[in-house]
Amino acid sequence: MTREDATLRVGDGEYELPVIVGAEDEVAVDINRLRATSGVVTFDRGFANTAETKSAITFLDGEQGILRYRGYPIEQVAERSSFLEVAYLLSNGQLPTRSQLDEYVDEITHHTMLREDMKHFFEAFPRDAHPMQTLASAISALATYYPDALDPRDPWAMDISMKRLLAKVPTMVAWSYKHSCNQPYVYPRNDLDYVANFLHMMFSFPVEEYEIDPAVAKALNVLFILHADHEQNCSATTVRVVGSGHANLFSSVAAGVHALSGPLHGGANQRVVEMLEEIVAAGGDIAPFVARAKDRDDPFRLMGFGHRVYKNFDPRAQIIKRYAQEVLEKLERDDPLLAAAMQLEEVALQDDYFIEKKLYPNVDFYSGVIYRTMGFPTDLFPVLFAIGRMPGWIAQWREMAQDPTTRIGRPRQIYVGEGKRDWVELEKRADRS
Ligand code: SDX
């Protein structure tokens, strides 16, 4: 589909700007030459109207609630794939053959161990350190253990670093958790698949194996898949921008973990459960929380609600909600938090404020209820998001690094500060108090 060029009129000037049309008919005005030809720049808080890159990895349609990984609908991928198969798909662009998948899984499996020295690393942190901080630091530290495999322009280095990162993150998370509980580390096992291995390292003891419930492993596999990528979200953009300066993969992804830790982003799943616990502790009356969320003078927000892109529903939230009910039923648990969450959703979706602002449950709204049922501590929920998002960050970073049109990320600004003025010596400065 082609579109006529766009015409921009600024003052007396009129400028023709090329138009780009995406594979799903998204239309963009190409402003790469805007400042050079017109002297003006654009102003766009949070890049809400700005595409910095062309990407072939993930497609979202916020109005239709569509999410596809390399063209495959999330509903099919979640039900029919495995997390490592999705990781292969996101980075390589095509579903693997049986031999390709077996080789990929085998390589990841044989990189799950950490250098023994890293134990001292985890032990240097307070036992109550937030695991997102520990994870970001541990991922940064990988760059110090593999200095020969950091060059973003070396295909061998990038391939091995991507596999090491994907393979070692669950071990890092489990070992930092064991340190926080003052329990012995549990080593990975090569006879377990990726998700089962993570559960084993998290919940086994040297004296007793954790018995892996297939329903729990399946639900965690689906949750990781649902979190695997989400195009140019806050943390993926962070990974791309840091990598655009030719920083190595580990440094770029560590920055992504920090971006994800924010409560408006991946930190929301922890805040949702804390909010639901507060509601249940207050007797289950959700009205005050909904009222606060609507009060413009109150900074409180309904955590797990709203999204920059999805304006009808988040397809992931719908799948997670179903799994939350199934896992609780399978484990014969009756968690009051799920009932509170479902009641909150029902009330909010009938409230004009949420309807007008198009606020619906997002991926973080129900995920914490499942994680809690599986036995994960609340502060580990954002880390589980990070494990799931690892293949997406890797794929986005790889696409950026391999794109010959990539430029170092360096936005413009509109200056609103003081005009030119001369320096005033200390003795001559008037007291402003
Ligand atoms: C993720 O981008 C991604 O794809 C992210 C993600 C991914 O997979 O990577 O999907 C993961 O980060 C999900 C979002 C998790 N965050 C939360 O659940 C925190 C609560 N939600 C928000 O704070 C908010 O909705 C955001 C951050 C998600 C979106 O922010 P936007 O797009 O900048 O929207 P906004 O803050 O401008 O909100 C628009 C209006 C505002 O009201 P007005 O100023 O126009 O009067 O809606 C209101 C907001 O006050 N609003 C909310 C609200 N979210 C938005 N009001 C109450 N409760 C909320 N949750």
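Mentor: In this predicted model, helices are DSSP runs of at least four residues, numbered from the N terminus. By that numbering, α4 (98-109) and α8 (194-203) each supply at least two residues of the lining of the largest cavity.

Trainee: Why are α7 and α18 called roughly antiparallel?

Mentor: Angles over 145 degrees count as roughly antiparallel. The axes of α7 (residues 155-180) and α18 (residues 381-402) cross at roughly 175 degrees and come within 10 Å; α7 and α18 are therefore roughly antiparallel to each other. The residues of their contact divide into 12 nonpolar, no polar and one charged. Among those that meet are M158 and L165 in α7, and I387, W397 and R398 in α18.

Trainee: How do you know that the aromatic pair of F305 and F354 is edge-to-face?

Mentor: Ring centres must lie within 6.5 Å to pair, and planes over 60 degrees apart count as edge-to-face. The centres of F305 and F354 are 5.8 Å apart, with 65 degrees between the planes, and the pair is edge-to-face. F305 lies in the loop between α13 (287-294) and α14 (315-330) and F354 in helix α16 (residues 352-356), so the pair ties together parts that are 49 residues apart in sequence.

Key:
Residues numbered from 1 in each chain as written. Predicted model: local features only at pLDDT ≥ 70, side-chain atom pairs only at ≥ 80, totals over all residues. Heavy atoms only, no water. Axes fitted to C-alpha atoms, helices over the stretch in contact; angles between N-to-C directions. Parallel < 35°, antiparallel > 145°, perpendicular 65-115°, else oblique. Contact = heavy atoms within 4.5 Å. Nonpolar A, V, L, I, M, F, W, Y, C, P; charged D, E, K, R; others polar. Phe/Tyr/Trp six-rings, centres within 6.5 Å; stacked < 30°, edge-to-face > 60°.
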